[in-house]
Amino acid sequence: MKSKAVRVHVAGGPDVLSIETVDVPAPGAGEVLVRHTAIGVNLIDIYHRSSTTGQYAIPSPATLGVEAAGVVEAVGPDVSDLVPGQRVAYWNFLGAYAERRLVPAWRLVPIPDAVDDRQAAASLVKGATAFYLLTRIWPARPGATIVVHAAAGGVGQLLCQWASRLGVTVIGTVGSDDKIEAARKAGCAAVINYRREDFAAAVRSTTDGAGVDAVFDSIGRDTFDRSLDCLKPVGLMVSFGQASGPVPPLDVGILAAKGSVLLAKPTLATFTRTPADIAALTQGVFDALERGLISPTIGMTAALGEVRAVHEKMEARHTTGAIVLIP
Ligand SMILES: NC(=O)c1ccc[n+]([C@@H]2O[C@H](COP(=O)([O-])OP(=O)(O)OC[C@H]3O[C@@H](n4cnc5c(N)ncnc54)[C@H](OP(=O)(O)O)[C@@H]3O)[C@@H](O)[C@H]2O)c1
């Protein structure tokens, strides 16, 4: 079987994305052949595409992408719990930017009838992130106030929706005025354009000087210091991404100086170490979708062949919500 796949041979800009035809063998023991119908795009795909070393470097060559939804086409000899024709999804597994691929059966989850393929591809990585952040890192509680950076983005919108629907007051930041409405719709009580305004000062004035209980900072280098200035004493700084680049090494004394604040640097990898972990997070996302705690906005849908343009737009900060590629 042949498949189109978006591969990277050398790390670099969007131009290194190469659309190739690859062979996909018949599924072996424990494997399933999946035909993708919707592929989720995540900022980590850009880290993978452009990193030569460190935690985001990927093998060479590699097919990019970490999540997709699709249909089972064939199963390996010992796979009994999945059948051809079944709708399935997987996430956190490199190689998703393709028409078809083999996936270990244990990574696949049936998609509930109430969730369509695009919604599944738009919400698993992002929703699982919002879920573990709001349960394991900072258990959400009604009446608390938080800041969510990039509130109109993929993870950002789901985090704002989920937290606000649990009774948390969310102050969102966005990088342009045309994203304000999306952040408001996602549940932000106040939205700050952090490219125009000093967001820490705006957060202080919005909270009558009190500051917030937690900051969810996925921006990294550009926002880290000022995010600490948004916190109440003993508030929690959750540094969970680096859209603008990694946070430089810091002197831990800064945490005392900012009010005995706490710092968390969580990664999805810690919460996806076993198949049971993955199943629990997946179930949490599907439950949240079915209960209406999250409702992903798909801000862009593009053909797999348009992947370079999609990466360019994402890096230029011209996207909102989730992005889905259609093979
Ligand atoms: N730790 C974890 O477990 C985990 C898991 C999943 C994702 N993440 C992190 O969550 C964040 C959001 O991921 P996502 O896939 O949903 O992406 P996204 O939020 O849809 O896109 C990234 C957004 O970051 C903002 N941004 C600020 N500075 C930027 C820059 N220099 N370059 C690009 N974007 C910049 C932009 O929003 P504005 O224009 O509004 O500023 C942009 O739209 C990422 O940092 C990702 O690494 C972490």
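Visitor: Is leucine 124 buried or exposed?
Guide: This is a predicted model, in which local features need pLDDT of at least 70 and side-chain atom pairs count only at pLDDT 80 or more, while totals for chains, interfaces and linings use all residues. Residues are numbered from 1 along each chain as its sequence is written. A residue is buried if 20 or more other C-beta atoms, placed from the backbone, lie within 10 Å of its own, exposed if 12 or fewer, and partly exposed in between. Leucine 124 has 29 other C-beta atoms within 10 Å, so leucine 124 is buried.

Visitor: In which helix is leucine 124 found?
Guide: Helices are DSSP runs of H or I with at least four residues, strands are runs of E with at least two, and both are numbered from the N terminus. The run 117-137 is helix H2. Leucine 124 is found in H2.

Visitor: Which residues does leucine 124 touch, leaving out those up to four places away in sequence?
Guide: Two residues are in contact if their C-beta atoms, placed from the backbone, lie within 7 Å. With residues up to four places away in sequence not counted, leucine 124 touches Gly40, Glu67, Ala89, Trp91, Thr282 and Val285.

Visitor: What distance separates the C-alpha atoms of leucine 124 and serine 80?
Guide: Along the chain, leucine 124 and serine 80 are 44 residues apart.

Visitor: What separates the centres of domain 1 and domain 2?
Guide: The protein is divided into domain 1 (2-123 + 272-326) and domain 2 (142-265), with bounds from an automatic or database domain assignment. The centres are taken over C-alpha atoms, and the separation is 28 Å.

Visitor: How do the residues on the side of domain 1 that touches domain 2 divide?
Guide: The contact takes 13 residues from domain 1 and 13 residues from domain 2. Ala, Val, Leu, Ile, Met, Phe, Trp, Tyr, Cys and Pro count as nonpolar, Asp, Glu, Lys and Arg as charged, and the others, Gly among them, as polar. On the domain 1 side, the division is six nonpolar, six polar and one charged.

Visitor: Which residues are the closest to the ligand?
Guide: A residue is near a molecule if its C-beta atom, placed from the backbone, lies within 6 Å of it. The shell draws at least three residues from each of domain 1 and domain 2, and its classes are twelve nonpolar, 13 polar and four charged. Of the 29 residues that surround the ligand, the closest are Gly153, Gly154, Gly175, Ser218 and Gly241.

Visitor: How many of the residues of H3 are buried?
Guide: Helix H3 (154-165) supplies at least two residues of the shell around the ligand. H3 reaches 17 Å from its first C-alpha to its last, close to the expected 16 Å, the expected span being 1.5 Å times one less than the number of residues. Gly154, Leu158 and Trp162 are among its buried residues. H3 is mostly covered, and the count is eleven of its twelve residues.

Visitor: In which strand does valine 234 have its place?
Guide: Valine 234 has a positive phi of about 60° although it is not a glycine. Most residues other than glycine have a negative phi. Valine 234 is exposed, with 10 other C-beta atoms within 10 Å, and its place is in residues 231-239, strand E13.

Visitor: What is the omega of the peptide bond that joins serine 60 and proline 61?
Guide: Proline 61 lies in the loop between H1 and strand E4 (62-63). Most peptide bonds are trans. The bond between serine 60 and proline 61 is cis, with an omega of about -5°.

Visitor: Which residue in E10 stands opposite valine 147?
Guide: Strand E9 (residues 145-148) and strand E10 (residues 169-174) run parallel and are joined by four bridges. Thr145 and Val147 point one way from E9, Ile146 and Val148 the other way, and all are buried. Five of the six residues of E10 are buried, so E10 is largely enclosed by the rest of the structure. Opposite valine 147 stands isoleucine 171.

Methods
Two strands pair if DSSP finds at least two bridges between them.
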